[in-house]
Amino acid sequence: MRDASNKTAWLPGAATVLAIFSCYGTTLLLGLLSLLGISLAIDERAWAGAISIFSLLAVIAVAASYFRHRVVGPVICAAIGLTLILWVMYGSYSNVLELLGFAFLVVATLWDWRARASRRAAVDDVSWIEAVDLADRLQRDAAPIVVDVRAVDEFRGELGHLREARNIPLAELPDRIAELTRFKGHELALVCRTQMRSAKAAAALTSAGFRKVSVLRGGMVEWNRRGLPLDGGDTTPS
């Protein structure tokens, strides 16, 4: 599956490059022009404003990525970089702090890229099962064990849940993975609202030694869209 967030993966890097270029690129350009005997005056407020805006855009782009990969480090790193840059621009200038500010932005951008790449790798390695195929398999004797990784309120909510599904929220999975150990030899079908949490759960289970793990493509949204059967009662792990 191709992650739609790939389309915006370039934003943090682009904003960081623009911030650095607007600072040092302008200085370099003015220096080259002076060697040619050309003198230009620039509005320092506008210059500082451009640097600050591009730096802020880089932080916003990194912060937006957090909701994709849930790695907080790049956001903290980018925020520190922005704080240093703003201090240099509008507080007390320091060449060292300026360099540190941009260094933090670069590190945040690279860290964010790596977190995105790791998340994409986990999703790309997932084995998928279509809703109609899972519905058919659940009618057979060797039916997959269904594990719903949504929160309890979602599991009992309007989208319903699959018959005999075991509800283990994704956040609790590391502490409750032992509950599934006896099913290591069985096929597991992971379910969530769409498919993103299930893909993360699949990566965790695969790392824990589960080899027959698949994710319901489209999750409960797709299951309901196709009008496939739901369990009306509450089902808890057994």
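Colleague: How many disulfides does the rule give?

Modeller: The count comes to 0 disulfides, where a disulfide is a pair of cysteine sulfur atoms within 2.5 Å. This is a predicted model, in which local features need pLDDT of at least 70 and side-chain atom pairs count only at pLDDT 80 or more, whereas totals for chains, interfaces and linings use all residues. Residues are numbered from 1 along each chain as its sequence is written, and side-chain values use heavy atoms, with hydrogens and water left out.

Colleague: Why is C23 called buried?

Modeller: Buried means under 20% relative accessible area, exposed means over 50%, and partly exposed is in between (1.4 Å probe, protein chains only). C23 has 4% relative accessibility and therefore counts as buried, and C192, at 1%, is buried as well.

Colleague: How do you know that the span of helix 2 is close to the expected one?

Modeller: Helices are DSSP runs of H or I with at least four residues, strands are runs of E with at least two, and both are numbered from the N terminus. The expected span is 1.5 Å times one less than the number of residues. Helix 2, residues 44-69, has 26 residues and reaches 38 Å from its first C-alpha to its last, close to the 38 Å expected. The helix is followed by R70, whose phi is positive, near 60°.

Colleague: What makes helix 2 and helix 3 roughly antiparallel?

Modeller: Axes are lines fitted to C-alpha atoms, for helices over the stretch in contact, with angles from 0 to 180 degrees between N-to-C directions. Angles under 35 degrees count as roughly parallel, over 145 as roughly antiparallel, 65 to 115 as roughly perpendicular and the rest as oblique. The axes of helix 2 and helix 3 (residues 73-90) cross at roughly 170° and come within 9 Å, and the two helices are therefore roughly antiparallel to each other.

Colleague: Why is S55 called buried, and which residues does S55 contact?

Modeller: S55, found in helix 2, has 0% relative accessibility and so counts as buried. Contact means heavy atoms within 4.5 Å, and, leaving aside neighbours within four places in sequence, S55 is in contact with A19, L82, I85, F102 and L105. Between the two helices, the residues that meet include S55 in helix 2 and L82 and I85 in helix 3.
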